[in-house]
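Hi,

Here is the structure I promised to pass on.

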Amino acid sequence: MEPARASIRRTGLVVLVVVVLISLATTAFLFLEMASEIGQLKSARSDNVQWTLSQVEVEFLEFKSALDVAVEADEINPDDIRTEFDIFFSRIATVSSGSAYAGLKQIKPFTDSLTIVRTFLDDALPYMDGNDAELAEVLQDLHEQADALRGHVRVLSSSGLSYFAELSDDQRTEIANTLSRLAGITAALVILLVVVALYSNALDKQNTRRRRDASQTALRMQTVMSTSLDAVIVTDIQGKI
């Protein structure tokens, strides 16, 4: 009986150790993965997206500055205007077609301003691709339209930056909540392991006490039987001798 109990205890100890190791490995893996997610947080993509949005306004101002210089000068430099226009056009094209801006396009002020800016660019494109004389003829009109466009470009930049800032905050909050839940699970697991360890220790003490009592009982019986001057009759529970 004792060898069987010892085998059960050893098996239980092995199982307990395996559970502890698996739990620790799982917890460590989750923490490392979560730390990696916090570090990344899609920062590369988010930073690039926000940088593009901020550059939209910068490139518009560069284009607007080229128009200002051309209007005030006696002779215009079409290449400068076309270069700044192409850069600004490419920024707007990126915002319009990029999948990273899909959620941002659900915001009405952003969508309305983007539509107005794209309409201006589409209308101005034939003159940018045309000859210098045609561009010079519409230069004053383009300059006035660009003046009216400045507020809409500002809306694109500011609303986009606000949207992605809130999105990043939400992501960080979600990860923080996940970490809190993970910490709670880990604490509960540690408490459970402590309880199991205490329970196993109590069982071990109980078994040790029982073995000691059984050994003492057997020793007393042996002493009684070896020193008794009278006959000793032993029966089972049915009364058989």
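This is a predicted model: local features need pLDDT of at least 70, side-chain atom pairs count only at pLDDT 80 or more; totals for chains, interfaces and linings use all residues.

Numbering runs from 1 along each chain as its sequence is written, and side-chain values use heavy atoms, with hydrogens and water left out.

The largest nonpolar core has 31 residues (buried Ala, Val, Leu, Ile, Met, Phe, Trp, Tyr and Cys joined through side-chain atoms within 4.5 Å; buried is under 20% relative accessible area with a 1.4 Å probe, protein chains only). Among those with the most contacts inside it are F88, I92 and V117. Two or more residues each come from α2 (43-72), α3, α4 (108-129) and α6 (139-227) (helices are DSSP runs of H or I, at least four residues, numbered from the N terminus). The biggest share, 8 residues, is from α2.

V117 touches F88, I92, L149, H152, V153 and L156, leaving aside residues up to four places away in sequence (contact is heavy atoms within 4.5 Å). V117 is also part of where α4 meets α3, along with L114 and L121, and the α3 side includes F85 and F88.

Now the arginine: R91 sits in helix α3 (residues 78-97). Why does R91 count as buried? Because its relative accessibility is 18%. Its contacts, again not counting residues up to four places away in sequence, are W51, Q55, V56 and E59.

Cheers

Notes. Buried means under 20% relative accessible area, exposed over 50%, partly exposed in between (1.4 Å probe, protein chains only).
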